[in-house]
Amino acid sequence: MPIWVDADACPGVIKEILFRAAERAQIPTILVANQYIATPASKVISMVQVGSGFDVADNEIVKRVVAGDLVITSDIPLAAEVVEKGAQALSHRGEAYTKETIRQRLSMRDFMENLRNSGVQTGGQAAMNHTDRQTFANKLDRWITKQNKQANP
């Protein structure tokens, strides 16, 4: 199963973790973005550049993803769509979006957006730290291990 990356907002350190994991496990990894993103020379890592516009990259991922694929994104509406299709979604910080948790995450996102639209300063996300990177890498490794066990029972 391939890994799809919502690459426009994906931190560089997370892309590096993905590149190393893709090469080690030989898992097709496709970055989708509105702008060109350099990828290492690899037979398993590729990049799809889509046109500019709101949600164009997200729509491309939703169009191509199938059940069992993994999508790396911090975009909660995109995560909801891919989870609905039976794919798995993981944030850059290692948070797994599941059928059980995605509704709550969407509700919280909408609530915070309403607060911001009414003028309340909600602040932004904290900068990524070592713990976030480690959590992401661990969750990615677990997904890869699970895929390998399913492919080679």
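Residues are numbered from 1 along each chain as its sequence is written. In this predicted model, local features need pLDDT of at least 70, side-chain atom pairs count only at pLDDT 80 or more, and totals for chains, interfaces and linings use all residues, while side-chain values use heavy atoms, with hydrogens and water left out.

**Whole chain**

Switch to a surface: the accessible area is about 8600 Å², with 52% belonging to carbon and sulfur atoms (Shrake-Rupley method, 1.4 Å probe; for residues, only the protein chains shown count as cover). Of the 153 residues, 39% are buried (buried is under 20% relative accessible area, exposed over 50%, partly exposed in between; 1.4 Å probe, protein chains only).

**The sheet**

Next, select the strands. The 6 strands form an open sheet with mixed pairing, in the order S3-S2-S1-S4-S5-S6 (two strands pair if DSSP finds at least two bridges between them). S3 (45–49) and S6 (96–97) are at the edges with a single partner strand each, so one side of each has no neighbour in the sheet. Zoom in on S1 and S2, which run parallel and are joined by 4 bridges. Here Ile3 stands opposite Thr29 in S2.

**Helix H5**

Select residues 130–151. The 22 residues of H5 should span 32 Å at 1.5 Å a residue, and the end C-alpha atoms are 31 Å apart, which agrees (the expected span is 1.5 Å times one less than the number of residues). Show the side chains of Asp132, Phe136, Ala137, Leu140, Trp143, Ile144 and Gln147, the buried residues of H5. Viewed down the axis, they fall within an arc of 125 degrees, so they line one face of the helix (the arc is that of directions from the helix axis to the C-beta atoms). Their cover includes S1 (3–6), H1 (12–25), S4 (70–72) and S5 (88–90) (contact means heavy atoms within 4.5 Å). Turn to the other side of H5 for the exposed His130, Thr131, Arg142 and Lys149.

**Helix H2**

Finish at residues 56–64, where Ala57, Asp58, Glu60, Ile61 and Val62 are the buried residues of H2. Among the elements covering them are S1, S2 (29–33), S4 and H3 (76–84).

Key. Helix = DSSP H or I, 4+ residues; strand = E, 2+ residues; numbered from the N terminus.
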